[in-house]
Amino acid sequence: TLIYRCRFNAGGSNNYPVVITWDPNQFPAGAQLYLRDIDNGKLFGLDMRTATQNPDGTRSYTIRDEKITAFDIEYTPARATRTSDLEKGWNFVSLPVRPSNNDYRQVYPNAQGTTPIKFSMDIYQAEEQLRVGTGYFIRFPRKETITISGILVTRIDKDLYPVHVYGGWNTVGSLSVPVTV
């Protein structure tokens, strides 16, 4: 969860009320957003998806108290679960979501005695900390179904999830949502 502190200066009591307006369609799917006073919601607190709706589809909240010069926006990314069917022996896998702990022993607790292997720069490389967007070979002692919980991955980009590919063969992963080829 991230908390954004927003400070403002209305320029005096004559400039109140202050209306805060936003478009909930710009929020990531499944994310939770709350608007609160900086005293952890003692004066006001609301779900930003269900606040007062305006005729244009935006939502808003009105601050009437001139002593209020800041508020917090609490943002919690969407969490999801994805289920994977794994076969006995070697499997080619990737992270379908971004888990809170990306150590392979936490994500794939029944992996059989070998660190996950990726192929990049024309060599096989063992990697204990799994990364979104990378594909791995992992061996399992038996057929099983696992569930991984984490934040949805809807895109790969250089800032959020950098994926480096090199000339030749690379093992690459997938997203949490279907995409066109």
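**View 1. Phe 137, a partly exposed aromatic residue.** With a relative accessibility of 29%, Phe 137 counts as partly exposed, a class that lies between buried (under 20% relative accessible area) and exposed (over 50%), as judged with a 1.4 Å probe and protein chains only. Phe 92 also counts as partly exposed, because its relative accessibility is 47%. The model shown is predicted, so local features need pLDDT of at least 70 and side-chain atom pairs count only at pLDDT 80 or more, while totals for chains, interfaces and linings use all residues. Residues are numbered from 1 along each chain as its sequence is written, and side-chain values use heavy atoms, with hydrogens and water left out.

**View 2. The aromatic pairs.** The structure holds 6 aromatic pairs, where rings of Phe, Tyr and Trp (its six-membered ring) pair if their centres lie within 6.5 Å, with planes under 30 degrees apart counted as stacked, over 60 as edge-to-face and the rest as tilted. One of them is the tilted pair of Phe 92 and Phe 137, with 5.2 Å from centre to centre and 45 degrees between the planes. This pair links distant parts of the chain, since Phe 92 belongs to strand β9 (residues 89-93) and Phe 137 to strand β13 (residues 136-140), 45 residues apart. Ring pairs also join Phe 92, Phe 119, Tyr 124 and Phe 137 into a cluster.

**View 3. An open sheet of 4 strands.** The strands of this sheet follow the order β1-β7-β3-β4 and pair in the antiparallel sense, two strands being paired if DSSP finds at least two bridges between them. Its edge strands, each pairing on one side only, are β1 (2-7) and β4 (45-47). Strand β3 (residues 32-37) pairs with β4 over 3 bridges in the antiparallel sense, and the bridge partner of Tyr 34 in β4 is Asp 47.

**View 4. The whole protein, as a setting for the close-ups.** The secondary structure comes to 1 helix and 14 strands, taken as DSSP runs numbered from the N terminus (helices H or I, at least four residues; strands E, at least two). The radius of gyration is 23 Å, well over the 16 Å that the globule rule gives for 181 residues, so the protein is more spread out than a compact globule; the radius is taken over C-alpha atoms, and the rule is 2.2 Å times the number of residues to the power 0.38. Along the principal axes, the C-alpha atoms fill a box of roughly 70 × 35 × 30 Å. Of the 181 residues, 38% count as buried.
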